[in-house]
Amino acid sequence: MEYLTKLNYQENNIKIHYSDDAESSAKDVIELLEEMSNYYEYLFNVKPTLTVILVNKTDYKKLFEKPYGMPFLFGSEKEWYINMPSEEGIIVDLIKEDYYSIHHPLEEKYINDYANSFVTLIGFHEIGHTYCCELGLDKLCHWFSEFMATYFAYCFMVEKSPKHAEIWMTINQVTLDAKRQLKYMTLDEFNEAYSTMASEAPGDYTWFQGMFNEKVDEIYKRYGILFIKNVLDTFKDGKMSSEDFEDKLIKIAPEFEDWLNDFRN
Ligand SMILES: [Zn+2]
């Protein structure tokens, strides 16, 4: 990565490597990241070490083999790496395809910016996964791990950058309104097919994430950051068995009861 320009922030717990033509997005991303890092350090006394790789298609091809345009996380608690695209790729294409297949109130002139911002915010969802791990929530089942990663990202957006929360929910609605033939429809199926679903059935994966985002918004409006505190008290450090997981979750937020039942049918 030596050929990429590097920026260090916050006593080096956050670094960003970026392509030559991505300087202004790198600055925007790292400012938001620094704010998120401060927010959760203050709330939960946790400070993951993060390196963001924000690259264009050409640099990306030298580093990775997966299709371009989807943020992803790798590494571990020693140092987390988050790949984020600096130009349009697969996810922006899919969002635009969804948008043009429906009648959504978002004006057409905004769709590019909104779709690109949404992809950046998926990067913040990835950072949400690092908080789950660092706070002892690394043994959650797949669907709840996705839910919590978004919860961390969404709390931050609403509290510190409401415009991003609006973009997140607007594009989420676009992806949920799009008509899809679903192969998978229950949370058990999501958990079972998790490791391959994003590549094998991307429409299904998007739909599940969309359903989680919608629920995150509802739960956030009711409980705010307190929900994370209660989840930590209940499930931290593997205090979770599959038998009583749902009962415990419903105890924290009864709004899950009907939602979980609907997902079973
Ligand atoms: Zn995720």
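Let's start with helix H8, residues 202–223, in this predicted model. How far apart should its ends be? At 1.5 Å a residue, its 22 residues should span 32 Å, and the end C-alpha atoms sit 31 Å apart, so the two values agree.

Now, which residues of H8 are buried? They are Asp204, Thr206, Phe208, Gln209, Gly210, Met211, Phe212, Asn213, Val216 and Tyr220. Their cover includes helix H3 (90–101), H5, helix H6 (162–177) and helix H7 (187–200).

Keep H5 in mind as we turn to the core. The largest nonpolar core has 65 residues. Those with the most contacts inside it are Val29, Val52, Leu54, Phe118, Met148, Ala153 and Tyr154. And which helix gives the most to this core? That is H5, residues 142–160, with twelve residues.

Let's zoom in on Val52. Leaving out residues up to four places away in sequence, Val52 touches Ile16, Val29, Leu33, Ile82 and Met84. Ile16 also stands opposite Val52, which belongs to strand E3.

That brings us to the strands. E3 covers residues 50–55, and it pairs with E2 in the parallel sense over five bridges. Why do we call E2, residues 14–18, largely enclosed by the rest of the structure? Because four of its five residues are buried.

One last thing to find on your screen: E2, then helix H1 (residues 23–44), then E3. Together they form a β-α-β unit, and here the unit is left-handed. Thanks, everyone!

Key
Residues are numbered from 1 along each chain as its sequence is written. This is a predicted model: local features need pLDDT of at least 70, side-chain atom pairs count only at pLDDT 80 or more; totals for chains, interfaces and linings use all residues. A nonpolar core is a set of buried Ala, Val, Leu, Ile, Met, Phe, Trp, Tyr and Cys residues joined through C-beta atoms within 7 Å. A residue is buried if 20 or more other C-beta atoms lie within 10 Å of its own, exposed if 12 or fewer, and partly exposed in between; C-beta atoms are placed from the backbone. Helices (H or I, at least four residues) and strands (E, at least two) are DSSP runs, numbered from the N terminus. Two residues are in contact if their C-beta atoms, placed from the backbone, lie within 7 Å. Two strands pair if DSSP finds at least two bridges between them. A crossover is right-handed if, with the strands pointing away from the viewer, the path from the first strand over the helix to the second runs clockwise. The expected span of a helix is 1.5 Å times one less than its number of residues.
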